[in-house]
Amino acid sequence: MTFKLSAELYGHTSDVRGLVAQGSDILVSVSRDKSGRIWKRASPNDFNEDSVLLGHTDFVNAVTTIPPTPEYPSGLVATGSTDKSICLWDPTDLSQPTTKLAGHTDNVCALVASADGRMLVSGSWDKTAKVWVDGSCRYTLRGHQHTVWCVLVTEDGGVLTGSADRLIHRWEGGQLKATYKGHTDCVRALALLPGGRFASAGNDGSVRVWSLESAQCLVELTGHTSYVYALSVLPDGTIVSGGEDRSVRVWRSNELAQTILVPSMSVWAVAALGNGDIACGTNDGIVRVFSEEKARLADPDALATFAQANASFAVAKNTMGDIDASKLPGPERLEQPGSKDQQVIMVKNGQMVEAYQWDQQAQGWSKVGEVVDAVGQARKQVHEGKEYDYVFDVDIQEGVPPLKLPFNVTENPYTAAQKFLERNGINLDHLDTVANFIIKNTDGVQLGTPAGDPFTGGNRYVPGQASAQAGVPDPFTGGSRYVPQGVAYEPPTEYVVNLQGNTAGIIKKLAEFNSSVDAHRLSDGQMQALQKLDFSGPPQLAEDMYSALLASALEWPKDKRFPCLDLLRLAAATPQPYRAGNRPFVECMAEATGFFDMLGSESPGGLTKSEEVNLMMGARAFANAFATTQGADHLWQSRKRVLKALDGSWIKATSPNLLTALSTLYLNLAIAATRKDDDDEGLKILSAASRFLSCTSNADSQLRLVNVFGVLSHKFQLCKDSARILGDETIVILGFQGKSDAVKRAAKEVGTLLSSSS
């Protein structure tokens, strides 16, 4: 029997980076879409999405299940993320994480649990692994020189770690006991085998089987033509691997038994089910299940669709090993049978190179793809333990070793160029030269697409010792060298409060509307009192006046509320609205302006002019609340609802004044987070502000949002690390293309802050 498609699971919206099976009927997947998903078998060849795990603030790329313990009789699910945290989930209540483990200082990229459920081991980009017992870090394992990509717990409770430094370490009681040497590139995956053995795989394309005791490599399995990212072991001891050559490979008795090709280049994860089926997660966001059992195979239509998707898939030449098209056989080779089931061959058909796979049962060849020149992220290159699409050699001075310029096609060339120049102390006058060199030498690939992948190095630079493969030589010589003398960024520390306004005009308009409404009309005495108020500062409203204005703002027709709202906006900068006994100010203003109902990405429809005016008044009032301690505390207590409404608000806003008010509120919330010393909330503010910044051309909004990045990154290392992923590219571009000189200046200063190592 051979493995064939059983089911395809759709739900994730980005790469599936981690996958684990629980028995035969449950799968748990995690993705770059920041979610985890639990799938339960609905029929022999179908799974339903049972639950979605939402608790991380960034890409989720590691997952494992923890066996039941007396404390958690249903076991736990553990997920690790680029947000540096590990979330533990109780299957009986998945509404939020049961526990969040903090301690790693960089992306958590590997997780595994012991068989008794007492121990969890994590691996990270911070070059360490951590051993967690009962929710606390028992040991931090230090010894690797680069990222710890994979971890494993042995039957005797020992720990294995595999790293980008090409080594595998064995640890006992937190102490290094043995080192396994043999891989010639990053070690990406580990799996336990019976008989005191384990398997490893990595960027050298090999799968190796080792003796735990002797630390000797017993056998090297070759067949993959690119990086191998994942390993799993079937109940009968069969090894399953997945990698960058769009394949899942099955190894039996130290021989390649089957190659399962999928219509997606990167097989990031594989998992063995209890019934002997295989699941894989790929960069197209799909989880696929394969089975040898006829009863669990997909229906004929699904199998045909899958075969057609494979046949039409373009395979990058770089991922297929060394191919000399001139020496390939022609279509006549397809008249000869394959030497074994699932054998893959290359055939030159005219100017095309096509891939075919032999089906032993059908006694025929099936087309499984067309081989093309590499575009985009084909075979990666490694620099400082991270993966890049290109690593260029840059000669800056005769007799001096070349500098390394790492680049991913998801980056903006100008971002990468500025980082390279500043990192190496080269005059920024060469920015265009370096950026154009990148564009010229990336084979016409579309550059600067959104959402660069921090898992493989895109949009991220980590300084350290260089050890990269050589790329294309650089034709420019760099010229003079200097250390940039940029102005140090000084973040704003005071809240932005708007007390400006034509108060005479406000009161005149209020009087006009007051005479035309039927309910909640202000009395003549109240109107006279308003005219006598001192507006040289925040107006000090009497209790009855404040209550009357609030009632009018809530009950008048929506197109007549704005004079009341404008006065309440000014009053927000005084203690009056926050006194005990008053209805919560945020709740009242949100109801009067529609702030919670009409803003946000989930609310339907566009906005009328009067609605935008009211919303602007609401945003200004919330920003002004930070003028007093009472108001700041009140707004901070309501921050979750306010942030939810703000996220996506810029999509509907067309008024420049509304956009400025929204961005001002973001800035004040950011300053509040620094005063509260709350980096978790700061990260939430930063994440939403980054989306706003990436799509606004309003100069005032750009300036405030750039300062959100600066305020939070200056205070919190967590936010600084995340800012490099979320908005580094945008900040660099605004340094040259901002809508005002103030924006350009602030962006350059914040960009310098983000590029600094501390």
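Author: Let's take a close look at one helix and its surroundings. A quick heads-up: this is a predicted model, where local features need pLDDT of at least 70 and side-chain atom pairs count only at pLDDT 80 or more, while totals for chains, interfaces and linings use all residues. Residues are numbered from 1 along each chain as its sequence is written, and side-chain values use heavy atoms, leaving out hydrogens and water.

Our part is H7, residues 562–571. Helices here are DSSP runs of H or I with at least four residues, numbered from the N terminus. In H7, 9 of the 10 residues are buried, so the rest of the structure largely encloses this helix. Buried means under 20% relative accessible area, with exposed over 50% and partly exposed in between (1.4 Å probe, protein chains only). Among the buried ones are Leu 565, Leu 567, Leu 568 and Leu 570, but also Asp 566 and Arg 569.

What do the buried residues of H7 pack against? Their partners are helix H4 (503–514), helix H5 (524–532), helix H6 (543–555), H8 and helix H10 (609–624). Contact, by the way, means heavy atoms within 4.5 Å.

Leu 567 also turns up in the list for Leu 530, which touches Ile 507, Leu 510, Leu 522, Phe 535, Leu 541, Met 545 and Leu 549 too, not counting residues up to four places away in sequence. Leu 530 belongs to the largest nonpolar core, which has 93 residues, and is one of those touching the most other members, along with Leu 549, Phe 595, Tyr 666 and Ile 685. The biggest contribution to this core, 12 residues, comes from helix H14 (residues 656–676). A nonpolar core is a set of buried Ala, Val, Leu, Ile, Met, Phe, Trp, Tyr and Cys residues joined through side-chain atoms within 4.5 Å. In soluble globular proteins, nonpolar side chains tend to be buried together.

Now step off the helix. Gln 576 sits in the loop between H7 and helix H8 (585–593). Gln 576 is buried too, at a relative accessible area of 3%. Its side chain makes a polar contact of 2.8 Å with the side chain of Glu 543, and another, of 2.6 Å, with that of Arg 579. (A polar contact is a pair of N or O atoms within 3.5 Å; within protein, one must be able to donate a hydrogen and the other to accept it, and residues adjacent in sequence count only if both atoms are side-chain atoms.) Setting aside neighbours within four places in sequence, Gln 576 is in contact with Leu 541, Glu 543, Tyr 546 and Asn 582.

Terms used: Helix = DSSP H or I, 4+ residues; strand = E, 2+ residues; numbered from the N terminus.
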